[in-house]
Amino acid sequence: MWQILLYYKYVPIRLPAKFAYEHLKLCKKLGLKGRIIVAREGINGTVGGPKQATREYMKIMYEDKRFAHMQFKISTGHAGTFKKIFVRARSELVTLNYKKEKIDPRKHGGIYLKPEELKHMYDNNEDFVIVDMRNAYENAIGKFQNAVAMNMTVFKELPKAVSKLAPYKDKKIVTYCTGGIRCEKASAFLKKKGFKNV
C-alpha cells in the first residue's frame, strides 16, 4: 500500500543546497517520489512511497533533532501519484519575496489555535476577523463563515494585498490556509506590519 506524506517545518538549515543533495540520495534509496523544497528557513515536502518506505523516512527524519517534532499528515496514494523525486534548494519555502525586512515565523509568528479553540470563538460570538490566506481559486471553492478572502493569485502578493486588512488592525486576526505553511509566514508578516493579536 502506498502512503503520501505532507509536511513542513520552519527550522534553520545552514547549507540548504548540500542538505538537498544528501536528502535526494536518501529519498532515492528509499524509493520515494514527490517534491521537497529546502531553504535556510526550513523544509516543505510532499512525498509518496510504499508504507514501509514512508515509515522509514519518518523514522530517519525524527532522529534528526531539527525535525524531531515535525508533524506528518498521512494519506493513501498509489504508485502513479508522483512520477519522480525532486529535492530543490530555494531561497524561501513559500515565496513572499519581501526584501524590506526578515520575516521569521519561528520568532515573529502568531499564536497557534486548536480547532476546538476556533469553534469556541465562533460559538461564543467572539470579536475576531478570520482571514483566508489561500489562493483565490481555493477560497472560491469555499471558505470559513465571514472570512476575509485575500484573493491572491500567488502568496507573494501578500505585501500589496495586506492593505485590505487595514480596518482590522486593532482586532484579533485568525489566519488559515491549506496546510499551515503560508499561515505561519503570513502571521509573522502581519505582526511585522503592526497587527498585534494574530
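Two strands pair if DSSP finds at least two bridges between them. Helices (H or I, at least four residues) and strands (E, at least two) are DSSP runs, numbered from the N terminus. The model is predicted: local features need pLDDT of at least 70, side-chain atom pairs count only at pLDDT 80 or more, and totals for chains, interfaces and linings use all residues. Residues are numbered from 1 along each chain as its sequence is written, and side-chain values use heavy atoms, with hydrogens and water left out.

**Exercise 1.** Determine the strand order of the open sheet and state which strands stand at the edges.

*Solution.* Step one: the five strands of the open sheet follow the order S4-S1-S3-S2-S5, with mixed pairing. Step two: S4 (72-77) and S5 (85-89) stand at the edges and have a single partner strand each, so one side of each lacks a neighbour in the sheet. Step three: from one strand to the next, the twist averages 15°.

**Exercise 2.** Describe how S1 is joined to S3 and to S4.

*Solution.* Step one: S1 (residues 2-10) runs antiparallel to S4, and six bridges join the two. Trp 2 stands opposite Gly 77 in S4, and Tyr 7 has Phe 72 in S4 as its bridge partner. Step two: S1 and S3 also run antiparallel, joined by nine bridges. Here Gln 3 stands opposite Gly 49 in S3. Step three: seven of the nine residues of S1 are buried, where buried means under 20% relative accessible area with a 1.4 Å probe, protein chains only.

**Exercise 3.** Characterise the packing of H1 against H2.

*Solution.* Step one: H1 (residues 16-30) and H2 (residues 51-63) pack at an angle of about 150°, with axes 10 Å apart. Axes are lines fitted to C-alpha atoms, for helices over the stretch in contact, and angles run from 0 to 180 degrees between N-to-C directions. Step two: the two helices are therefore roughly antiparallel (over 145 degrees). Step three: His 23, Leu 26, Cys 27 and Leu 30 in H1 meet Ala 53, Glu 56, Tyr 57, Ile 60 and Met 61 in H2, contact being heavy atoms within 4.5 Å. The residues of this contact divide into seven nonpolar, one polar and one charged. Nonpolar covers Ala, Val, Leu, Ile, Met, Phe, Trp, Tyr, Cys and Pro; charged covers Asp, Glu, Lys and Arg; the others, Gly among them, count as polar.

**Exercise 4.** Which strands does H2 lie across?

*Solution.* H2 lies across S1, S2 (33-39), S3 (42-50) and S4, and runs at about 155° to S3.

Terms used: Angles under 35 degrees count as roughly parallel, over 145 as roughly antiparallel, 65 to 115 as roughly perpendicular and the rest as oblique. Buried means under 20% relative accessible area, exposed over 50%, partly exposed in between (1.4 Å probe, protein chains only).
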